[in-house]
Amino acid sequence: AIILADTFLLDEKYINIYKLKIFRFIFYIVFLIYKIFSSGVRAVILTITGKARHEFITFRSELNDDFRLNLLANSITLTPGTVTVNRDGGSILIIKLCKLDKDISTKDIKKFEDKLLKM
């Protein structure tokens, strides 16, 4: 896909447009896979016990790169219990599965953002 994009779609080379630190990107992928599994277990427990509710939250990201913002939005959607509904600039509208008796937290989303800021 990258070769086709370089050849036919992009005016500039892909590597010059989307500069990433490869080892941090690999670490991010491993972290994402871990969060997918751990969030899946959490979502199953909340659903089976009947202690789940959903809330709409708006997360304002510090990311200024469109590529990284899309990575964040996709990572949120890949993680069970969260779905990105809309992205408008740095503002992301999310549906999040929460415990009935707890306040909504964006701590997990902030961890994704922090890792993307370092890439």
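Visitor: Where is T79 found?

Guide: T79 is in the loop between α4 and β2 (82–88); helices here are DSSP runs of H or I with at least four residues, strands are E runs of at least two, and both are numbered from the N terminus. This is a predicted model, where local features need pLDDT of at least 70, side-chain atom pairs count only at pLDDT 80 or more, and totals for chains, interfaces and linings use all residues. Numbering starts from 1 along each chain as its sequence is written, and side-chain values use heavy atoms, with hydrogens and water left out.

Visitor: Why does T79 count as buried?

Guide: T79 has 6% relative accessibility, and buried means under 20% relative accessible area (exposed is over 50%, partly exposed in between; 1.4 Å probe, protein chains only). So T79 counts as buried.

Visitor: And what does T79 touch?

Guide: Leaving aside residues up to four places away in sequence, T79 touches L32, K35, I36, S39 and F112. Touching is a contact, meaning heavy atoms within 4.5 Å.

Visitor: What makes α3 roughly parallel to α4?

Guide: Their axes come within 9 Å and cross at roughly 25°. Axes are lines fitted to C-alpha atoms, for helices over the stretch in contact, with angles from 0 to 180 degrees between N-to-C directions. Under 35 degrees counts as roughly parallel (over 145 is roughly antiparallel, 65 to 115 roughly perpendicular, the rest oblique), so α3 qualifies as roughly parallel to α4. In that contact, F25, Y28, L32 and I36 of α3 meet L71, S75 and L78 of α4.

Visitor: How do α4 and α5 cross?

Guide: The axes of α4 (residues 66–78) and α5 (residues 107–117) come within 10 Å, at roughly 145°. On the α4 side, R68, L71, L72, S75 and I76 meet I109, F112, E113 and L116 of α5. That contact divides into six nonpolar, one polar and two charged residues; Ala, Val, Leu, Ile, Met, Phe, Trp, Tyr, Cys and Pro count as nonpolar, Asp, Glu, Lys and Arg as charged, and the others, Gly among them, as polar.

Visitor: How do you know that the buried residues of α5 line one face of the helix?

Guide: Those buried residues are I109, F112, E113 and L116. Seen down the axis of α5, they fall within an arc of 95°, so they line one face; the arc is taken from the directions from the helix axis to the C-beta atoms. Their cover includes α3 (22–49), β1 (52–60), α4 and β3 (91–99).
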